[in-house]
Amino acid sequence: MSDTRRRVKVYTLNEDRQWDDRGTGHVSSTFVERLKGISLLVRAESDGSLLLESKISPNTAYQKQQDTLIVWSEAENYDLALSFQEKAGCDEIWEKICQVQGKDPALEITQDPIDESEEERFEEMPETSHLVELPPCELARLEEIADLVTSVLSSPIRREKLALALMSEGYMKKLLQLFQVCEDLDNREGLHHLYEIIRGVLFLNKAALFEVMFSDDCIMDVVGCLEFDPSLVQPKKHREFLTKTAKFKEVIPITDSELRQKIHQTYRVQYIQDIILPTPSVFEENFLSTLTSFIFFNKVEIVSMLQEDEKFLTEVFAQLTDEATDDGKRRELVNFFKEFCAFSQTLQPQNRDAFFKTLANLGILPALEIVMGMDDLQVRAAATDIFSYLVEFSPSMVREFVMQEPQQTDDDVLLINVVIKQMICDSDPELGGAVQLMGLLRTLIDPENMLAPTNKTEKTEFLSFFYKYCMQVLTVPLLASTVDEKNCKDLQEGSTKINPVCPDNFQTAQLLALILELLTFCVEHHTYHIKTYIMNKDLLRRVLVLMNSKHTFLALCALRFMRRIIGQKDEYYNRYIVKGNLFEPVINTLLDNGTRYNLLNSAIIELFEFIKVEDIKSLIAHIIDNYYKALESIEYVQTFKGLKGRYEQEKDRQTLRLNRYRRDARTLDEDEDEEMWFNEDGEAIEKSRPEEEFPESYGKYMEAKKVKESDNKENFPKRTPTGSFKFTFSHSAGAANGTNGANCKPATSPTSAASPNGSPAKSATPPATPVVKVSFPCQLPF
């Protein structure tokens, strides 16, 4: 029981004056040695981590709201709130705070922060001046009351005293009764005073006053007072709008009267804040923070109460998916779910997870398939908003549903294809809905949110599904709006510039730009699947047709798509670009752009600069071989000369490498100690040398040589018909001198034929018979 009573949600107020949920846990008040005082501690119920550690300072103003909220500020622009599950737990902690500060627990606020000068003036006042005396609630005293309320707004401590006085003896209800009297008498002066009074009371920022003013029997009179702004010639008609124009529709009857009352109250208070009250100035923006909190916690309570009603959501879904439900009724149901999902954003994370899982189990996604295909633009817009909530909550849940859909012959029935079709068919000239849907598609196909360890195959399975069933639907406008350049020339022969985009209007260009943005994302993140699709559909060629569009932003999108492909540095892509001669439209656009220094020019130059810096050899060779004559005149950047330099360097390296290969492939070593020539008869002839050049052991050497020749005679190479011989080895000087043969490598080269006089003859024609391969051990014996 204690755990439930002390169960709280921790909130902090962000820069936009909205409450952020920091988690759920259990609160306690204990002495913390490090902080030297009694402190509020909140530990998370999930893992026991510390969500909040706040010392109860004697000078901090704590405020109790709506029986289950405690709000305070710890520093400038840092507000905190504890929302208790039970009133009893809130009362216990409130009593502890009041005990530490020495305050009466019956108060709704312990104190207001005041500056030193205010505090000094307050201490100098006589004791009797601490109390605010309200004039009698009479018509004749309305001006005096208005002046009093306006005068205290600059003083925090006086605002607190005035709030206490207004809450006593039913003063607020008496003021609102005077409003009815003034309106009946058409007393404009009194009505103007009441406007100032009620506006000032709202700026007192006290939850206890809001509870009275926004009750069922008072809120419409409050709205009535705020209609008579003295600065307006004629009063506004807010009550007429709330009672007649703004109709409360129960798509399914709400049996809980408390829930119905809470919904009415929240709508009206939101109307007061957003429509009636003027936008607060910089100095007044904190005056309505409690009003914002009031609305926020009301929404939390509404969602919680609806979730607890087991029959309500079941009945709503039953009617939403029932084929017999008429379009008007279904429209109301969709709008209800839109508001319901918007309210759910106020829930804490674990409760929000449970909320969306409940919707998924009840069939929200199949229902969206139906309503997103309706002709009603408002219904489709509402369904898109609901779909966005679901995708943002759990892309995996949406992907799982899509892959489980029955595979029918018509792929258009798939949810993602319904979304794509709605994006393509957006009638908004600015394509606002298409932009939103494109962002949702991008989230669904993003591999970064497919890495859940519980389902490692999700990425592979979903991407295979998407490219099989959905990609062709996405690219239909692109393929339909582009044609090959060859065909375009036939269609537009005689024009100075090919413009193959038909129709080339702004809305079509915007749509194609969105599709290209998504395809560019795929190139970067999908690798294999998009590569296969591009190759099979020759997609880059079709995209580069858009370089001729009169809309520069579309040409830039096409260029960005190619830039991202080249950025992958994938030789498969490079060979595809070279084979298809796909640089031609880019270079044509660069030349057509002339000397204009614009974004298109810079983007194209950056593309070629990237190729140069990354030294993509295959693309560099293709560009220089085919386009350098057209590009060499561009001298305002050194990019193309740099490409030429890279090309020449690589060409020199290739030549050097080829020469080295040929040198290594020579047939016989030219070591003078064992060089031999062969005559036409195949007889070995020694090269004539002066006898004095040989060592004294020459005779022994020749004898050993003859023995060796005799031993290897049967393995001697066969003579070709031309009289020359073919060898598949080379002798090295090291091997001949008896060094280690580890460096001996096989080589293939024809020998030279020698004339009888010892001079080299012309190389013989390669034999038609198979080459005889002679195998030698690496250690040559001679």
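Author: Let us begin with a helix. This is a predicted model, and on one side of its helix 29, Tyr-572 and Lys-579 are exposed.

Reader: Which residues of helix 29 are buried?

Author: The general idea comes before the case. An α-helix has 3.6 residues a turn, so residues three or four places apart point the same way. In helix 29 (residues 571-580), the buried residues are Tyr-573, Asn-574, Tyr-576, Ile-577 and Gly-580. Because they cover an arc of only 160° around the axis, they lie on the same side of helix 29.

Reader: Against which helices do the buried residues of helix 29 pack?

Author: Their partners are helix 26 (528-537), helix 27 (539-544), helix 28 (552-567) and helix 32 (617-631). Tyr-573 also takes part in another arrangement: the charged end of Lys-531 sits over its ring, 5.9 Å from the centre. A further case of this kind is Lys-644, which lies over the face of Tyr-628 at 5.1 Å from the ring centre.

Reader: Which residues have the most contacts inside the largest nonpolar core?

Author: In soluble globular proteins, nonpolar side chains tend to be buried together. Here the largest nonpolar core has 128 residues, and those with the most contacts inside it are Phe-337, Leu-368, Ile-566, Ile-577, Phe-583, Phe-608 and Ile-611. Helix 25 (residues 506-526) gives the most to this core, contributing twelve residues. There is also a second, separate core of 50 residues, which includes Leu-148, Leu-226, Leu-277 and Ile-295.

Reader: What does Ile-566 touch, leaving aside residues up to four places away in sequence?

Author: Ile-566 touches Ile-577, Phe-583, Leu-607, Phe-610, Ile-611, Ile-616 and Leu-619. Ile-577 is one of the buried residues of helix 29.

Reader: Let us turn to the strands. How many bridges join strand 1 to strand 2?

Author: Strand 1 (residues 7-13) and strand 2 (residues 19-32) run antiparallel and are joined by seven bridges. Within this pairing, Thr-12 stands opposite Asp-20 in strand 2. The two strands form a hairpin with five residues between them, and Arg-17 in the turn has a positive phi of about 60°.

Reader: In what sense do strand 2 and strand 3 pair?

Author: Strand 2 pairs with strand 3 (residues 37-44) in the antiparallel sense, over eight bridges. Val-27 has Val-42 of strand 3 as its bridge partner. Four residues lie between the strands of this hairpin, and Lys-36 in the turn has a positive phi of about 60°.

Reader: Finally, how far apart in sequence and in space are Val-435 and Leu-514?

Author: They are 79 residues apart in sequence and 7.3 Å apart in space, C-alpha to C-alpha. Val-435 lies in helix 20 and is partly exposed, with a relative accessible area of 42%.

Notes:
Residues numbered from 1 in each chain as written. Predicted model: local features only at pLDDT ≥ 70, side-chain atom pairs only at ≥ 80, totals over all residues. Heavy atoms only, no water. Core = buried A, V, L, I, M, F, W, Y, C linked by side-chain atoms within 4.5 Å. Buried < 20%, exposed > 50% of the residue type's maximum accessible area, 1.4 Å probe, protein only. Contact = heavy atoms within 4.5 Å. Pairing = 2+ DSSP bridges. Lys NZ or Arg CZ within 6 Å of the ring centre and 35° of its normal. Arc of directions from axis to C-beta.
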